[in-house]
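Subject: A structure for you to explore

Hi there,

Here is the structure I promised to pass on. Please open it alongside this email, and then read on for what was found.

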Amino acid sequence: MATSKPSKEKRTAPSDDSLSAWSGFYKKHVFERQQILARVRGLDEDDVALLNKEGPLPLSTADTITENVIGTFALPFSVAPYFLVNGKEYAVPMVIEEPSVVAAASNAAKMAREKGGFITKYSGSIMTGQIQIMKVADAKAAASKLTLEREAVLAEAREVGKFLEVFGGSVQGMAARSAIGPTGPMLIVEFTVDVKDAMGANMVNTIMERMAPLLEKRTGGKARLRILTNLSMNRIVSASACWSAQSLGGEEAVDAILDAWAFAMADPFRRATHHKGIMNGMDAVALATGNDWRAVEAGAHSYAAIKGASITTYRKNADGDLEGTITLPLAVGTVGGSMKANPCAALGQKILGAKSSEELAGVMASVGLAQNLADLKALSTEGIQAGHMRLHARHIAAVAGANPQELDRVVEWMSANKKVDANGAKEALAELRSK
Ligand code: MEV
């Protein structure tokens, strides 16, 4: 049975008055929501105008995608060219606010071309769904019983998952096991499902929800959770590339990158940041193509946690060049809901031009590897701040009013005079324009 110490913190419910403004908020029109928000949070006319500014995602469409929509939120939409993956050229769409990420990915991709670019492998689009069953008399025995009844259970799952057939998907396998948690023993039943070119969460979850009552009947237990796992161990992608020692800056640079990678292999604190950098690139592609980047993150970090190692590996080959590989679970699709709903996601897919989950996953993994290589190279040589500061300086110069022809000279002036801030940009502009 679950036990927990009683909390000593005193909690008091606020008066209902503080909630009244939000009553029925979700049912209101977007404009009404904006007015409520303006009242409650003191937004002025300009704030509301910003919320109403039409971008590529119409407000009315946004309102059908999530709840309580008050506007749309824009981020830079970039492209990283030079990716050569399995012999095909890609300009990879990326949506990210962090400076240097796109430049780093395309630089690493460009350098990888000399040795043939990226080569990828994919295990297939197999997702796994889980059903948790509680209150079975003997969870271990129930798992063995279900294992014996596997073919019959699978037949039921195939029946409830018949809708997969339209696009060639299918329920593939079933496994049952027992586990013990803080509330007692449980039975865990897992189904593997081939979701083809979809991310597949909705399909898998539908099948799990339909299977749950059938499993309750078979086991006499109570089904609780019926949901996919984001640790999709049957949907693994890997990408490899080779960078010549010369392109990286020589033998010492190769050794420095290997040491930087070794740090991530040896230490979980470094590993967290190492993977954050990889996800900078992969999330940006996920976002640009309408994929669920949280699912991508969850899978990658859980995979790294159970391996207790970096998801990238590097070695120096016989020629002294650097070979790198990334391997991770990756559930991304080229078809599905958000790709249709968000015109920017559809455009991202069009720019990338991947025809299948396999192709998209291969490119995303390549971006992750490129990103990691670029990060390790920068970190083990000049550090990453120099690149960040260059972009930061451009941004400051633009905000200060520099036009595109003036930008480079303003940035040069600011860094030469060690005044990389708003005042420096103004001073630089005044001086340049006075000449
Ligand atoms: C910053 O967003 C990402 C890095 O910290 C990744 C890394 O340390 O490997 C540069």
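Let's start with two loop residues. Ser 100 sits in the loop between β2 (88–95) and α5. Its phi is near 80 degrees, a positive value in a residue other than glycine. A word on the names: helices (H or I, at least four residues) and strands (E, at least two) are DSSP runs, numbered from the N terminus. Asn 68 also has a positive phi without being glycine, near 55 degrees. You will find Asn 68 in the loop between α4 (59–65) and β1 (77–85). Asn 68 counts as partly exposed because its relative accessibility is 37%; buried means under 20% relative accessible area, exposed over 50%, and partly exposed in between (1.4 Å probe, protein chains only).

Before going further, please keep in mind that this is a predicted model, where local features need pLDDT of at least 70 and side-chain atom pairs count only at pLDDT 80 or more, while totals for chains, interfaces and linings use all residues. Residues are numbered from 1 along each chain as its sequence is written, and side-chain values use heavy atoms, with hydrogens and water left out.

**The whole chain**

The protein chain has 18 helices and ten strands. Its C-alpha atoms fill a box of roughly 85 × 70 × 50 Å, taken along the principal axes. Of the 435 residues in the protein chain, 46% are buried. Among contacts (heavy atoms within 4.5 Å) with a separation of 6 or more, 71% join residues 24 or more positions apart.

**A residue in α5**

Leaving aside neighbours within four places in sequence, Ser 106 is in contact with Ala 80, Pro 81, Tyr 82 and Phe 83.

Four strands make an open sheet in the order β5-β6-β4-β7, with antiparallel pairing; two strands pair if DSSP finds at least two bridges between them. The edges are β5 (170–181) and β7 (222–228), each with a single partner strand, so one side of each has no neighbour in the sheet. From one strand to the next, the twist averages 20 degrees. For such angles, axes are lines fitted to C-alpha atoms, for helices over the stretch in contact, and values run from 0 to 180 degrees between N-to-C directions.

Inside this sheet, strand β4 (residues 126–134) pairs with strand β6 (residues 184–194) in the antiparallel sense over eight bridges. Gly 129 stands opposite Phe 191 in β6. Helix α8 (residues 201–219) packs on the sheet and touches β4, β5, β6 and β7, with its direction at about 160 degrees to that of β7. Helix α6 (residues 139–148) lies across β5 and β6, running at about 165 degrees to β5.

**Another four-stranded sheet**

Which order do the strands take here? It is β3-β8-β10-β9, again an open sheet with antiparallel pairing. β3 (119–122) and β9 (312–316) stand at the edges with a single partner strand each, so one side of each is left without a neighbour in the sheet. Neighbouring strands are turned by 15 degrees against each other on average, direction ignored.

β9 pairs with strand β10 (residues 322–329) in the antiparallel sense over five bridges. Tyr 314 has Gly 324 in β10 as its bridge partner. Helix α11 (residues 268–288) packs on this sheet, touching β9 and β10, and its direction makes about 80 degrees with that of β10.

Happy exploring!
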